Amino acid sequence: YLADTSGILVVQATATWIYLVDTYVEIKSDNSSSPTTVVAKIGGRAQRGDSANNILYDTVSVPILKGKNYIVVPTASGAVVNSITFYPNQ
């Protein structure tokens, strides 16, 4: 997404922990058409086997700058984007 106005991006996600797997939803932004710079993450990594299958529900807010490119990407099968909402500046 190429931002045509500044504002706030709100991403809600669910991460189901997978033992020793990075399970994130990442928000990336930069000037390239396929952004690679991670500006926010939701999720984590289960370091204990008994943490596998625990579920984390989380929300992150990211400032959006006009003219920058943005992408929201899950990194593992346990990471799910529930909603993406953009609130433009007034």
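Among the 13 residues of the largest nonpolar core, Leu9, Val11, Val25, Ile27, Ile42, Val60 and Val62 touch the most other members, and β1, β2, β3 and β4 each supply at least two residues of this core. A nonpolar core is here a set of buried Ala, Val, Leu, Ile, Met, Phe, Trp, Tyr and Cys residues joined through side-chain atoms within 4.5 Å. The structure is a predicted model, in which local features need pLDDT of at least 70 and side-chain atom pairs count only at pLDDT 80 or more, while totals for chains, interfaces and linings use all residues. Residues are numbered from 1 along each chain as its sequence is written, and side-chain values use heavy atoms, with hydrogens and water left out.

The pLDDT, which is the predictor's confidence in each residue on a scale from 0 to 100, has a mean of 93 over the chain, with 100% of the residues at 70 or more. Confidence is lowest in strand β3 (residues 38–45), at a mean of 92, and highest in strand β5 (residues 69–74), at 96. Strands are DSSP runs (E, at least two residues), numbered from the N terminus.

Three of the strands form an open sheet in the order β4-β1-β6, with antiparallel pairing; two strands count as paired if DSSP finds at least two bridges between them. The edge strands, β4 (55–64) and β6 (79–88), each pair on one side only. Strand β1 (residues 7–16) is joined to β6 by nine bridges and runs antiparallel to it, and Val10 stands opposite Thr85 in β6.

| Residue | Relative accessibility | Class |
|---|---|---|
| Val25 | 1% | buried |
| Glu26 | 12% | buried |

Val25 lies in strand β2, and beyond residues up to four places away in sequence it touches Val11, Ala13, Ala40, Lys41, Ile42, Val72, Val73, Pro74, Ala79, Val80 and Val81, where contact means heavy atoms within 4.5 Å. Val25 and Ala15 are 10 residues apart in sequence, and their C-alpha atoms are 8.0 Å apart in space.

Glu26 also has its place in strand β2 (residues 22–30). Leaving aside neighbours within four places in sequence, Glu26 is in contact with Val38, Ala40, Lys41, Ile71, Val72, Val73 and Thr75. For Val60, with residues up to four places away again not counted, the residues touched are Leu9, Val10, Val11, Ile27, Ala40 and Ile42.

How values were computed:
Helices (H or I, at least four residues) and strands (E, at least two) are DSSP runs, numbered from the N terminus. Buried means under 20% relative accessible area, exposed over 50%, partly exposed in between (1.4 Å probe, protein chains only).
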